[in-house]
Amino acid sequence: MGGTRRVLVAADKFKGSLTAVQVAERVTAGLRRVAPDVEVEALPVADGGDGTVDAAVAAGFERREVRVAGPLGDEVTAAFALRGDTAVVEMAEASGLQRLPAGVFAPLTASTYGSGELLRAALDAGARTIVFGVGGSATTDGGAGMLSALGARFLDADGEPIPPGGGGLAELARADLSGLDPRLAVVELVLASDVDNPLTGPKGAPAVYGPQKGASVEDVATLDAALAHFAKVLEGVGGAGNRAADYAASPGAGAAGGIGFGAMLLGARFRAGIEVMLDVLGFAPALERASLVITGEGSLDEQTLHGKAPAGVAAAARAAGKDVVAVCGRLALAPEVLERAGIRRAYALTEIEPDVATCIAEAGPILERAAERIGTDCLG
């Protein structure tokens, strides 16, 4: 790979250490230390989870901030990104785990209401295409809160609104989707996610992701039954509800605590998050200009291979005949597995500093040293 002089840095965040933008900055600094004349183009990427709005803003979208309900109902400042009539909305901005106080979980009561408010803000801003990135949620409410914010009504046997969160769905007696914002019928809504779980069952949202959100074994059973009941009630309301059973079983319905299911009721089309974001961010023309691509994320492991950003970047780069290397905090993939994924070699921070705690605390300077190694190996 000697002689390569134009590099595209298209890496995701190192969760808990560096944003995708900071990763690009550190890699660029390290490369230039050993190859001062190298041309570097930074294109921070995301797969629909937290950091998606930041990646869009780094690519030239305008950051818009609004006040919305957090997962516990308290007001928070959340952002979406807008360029022309295309918006990028990240549900984690309103309803993500990072919106909960440290050490606090609310698996039965956390609501996606604020995510619906974010979607409404994007509509108010004139969006005609909305990329709805879902992941990193604190919620398991099947998108009921989001739908409520957009005009749906979910009532108990007494005709009163049900409590927020997935647990409250057990009390659902009647659903009404007729009041949904009419603009949703004419907007293109793309559900961008890196998971393909159905809504319920052994591979559903509560069983697979509930424990990460503080759900006990009993909570998982409660939520699974409540979401199944939610889908069943929706079958009887007409309109989009007629396809509730199909949507519940569809890949992506279980994304972000079932908000994928709610988005499908709004007419969303499910696509792999990284594929959507590469399109939105303008990856193809940037790739054409590059001779070497550097991708990466905090941990390169089995999960990376299932729809995460580095795998998507590497697949697209390999199809274009471009060399790809990766940076990461921790490497848990064998060289032959990396090669099959289209990654020539990975440079892990733990190769430089074996102590994981130090790698996390000093990720920036250590990443620069890893980038120096890439520069020496690939740009000499």
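The structure is a predicted model, in which local features need pLDDT of at least 70, side-chain atom pairs count only at pLDDT 80 or more, and totals for chains, interfaces and linings use all residues. Residues are numbered from 1 along each chain as its sequence is written, and side-chain values use heavy atoms, with hydrogens and water left out.

**View 1. Residue A256 in helix α9.** A256 is located in helix α9; helices are DSSP runs of H or I with at least four residues, strands are DSSP runs of E with at least two, and both are numbered from the N terminus. With a relative accessibility of 11%, A256 counts as buried. Its phi is positive, about 50°, although A256 is not a glycine. Most residues other than glycine have a negative phi.

**View 2. The largest nonpolar core.** A nonpolar core is a set of buried Ala, Val, Leu, Ile, Met, Phe, Trp, Tyr and Cys residues joined through side-chain atoms within 4.5 Å. The largest one has 56 residues, and those with the most contacts inside it are I130, F132, L147, F154, F230, L234 and F261. Helix α9 (residues 255–265) gives the largest share of this core, seven residues. Leaving aside residues up to four places away in sequence, F261 touches G142, L199, F230, A231, L234, A244, Y247, A248, G252 and A253, contact being defined as heavy atoms within 4.5 Å. Another core, of 40 residues, lies apart from the largest one and includes V276, M277, L278 and C328. In soluble globular proteins, nonpolar side chains tend to be buried together.

**View 3. The six-stranded sheet.** Six strands form an open sheet in the order β3-β4-β5-β6-β9-β10, and the pairing is mixed; two strands pair if DSSP finds at least two bridges between them. Strands β3 and β10 stand at the edges with a single partner strand each, so one side of each is left without a neighbour in the sheet. From one strand to the next, the twist averages 30°. Within the sheet, β6 and β9 (residues 188–193) pair in the parallel sense over five bridges, and V131 stands opposite V190 in β9. Helix α4 (residues 113–124) lies across β3, β4, β5, β6 and β9 and runs at about 140° to β3; such angles run from 0 to 180 degrees between N-to-C directions, with axes fitted to C-alpha atoms, for helices over the stretch in contact. Helix α10 also packs on the sheet, where it touches β4, β5, β6, β9 and β10, and its direction makes about 90° with that of β10.

View 4. An open sheet of five strands has the order β2-β1-β11-β12-β13, with parallel pairing. Its edge strands, β2 (39–42) and β13 (345–348), each pair on one side only. The twist averages 25° from one strand to the next. Strand β1 (residues 6–9) is joined to β2 in the parallel sense over four bridges, with R6 opposite E39 in β2. Helix α12 (residues 309–319) lies across β11 (292–300) and β12 (323–331), at about 160° to β11. The buried residues of α12 are A309, P310, A311, G312, V313, A314 and A317, and their cover includes α10 (273–281), α11 (283–289), β11 and β12. After α12 comes G321, with a positive phi near 75°.

View 5. T140 is placed in the loop between β6 (129–133) and α5 (144–149). T140 is buried, with a relative accessible area of 1%. Not counting residues up to four places away in sequence, T140 touches P107, G166, P206, K213, L223, L227 and G257. G70 is placed in the loop between β3 (62–69) and β4 (75–83). G70 is likewise buried, with a relative accessible area of 3%. Under the same exclusion of residues up to four places away in sequence, G70 touches V76, A94 and S111.

Methods. Buried < 20%, exposed > 50% of the residue type's maximum accessible area, 1.4 Å probe, protein only.
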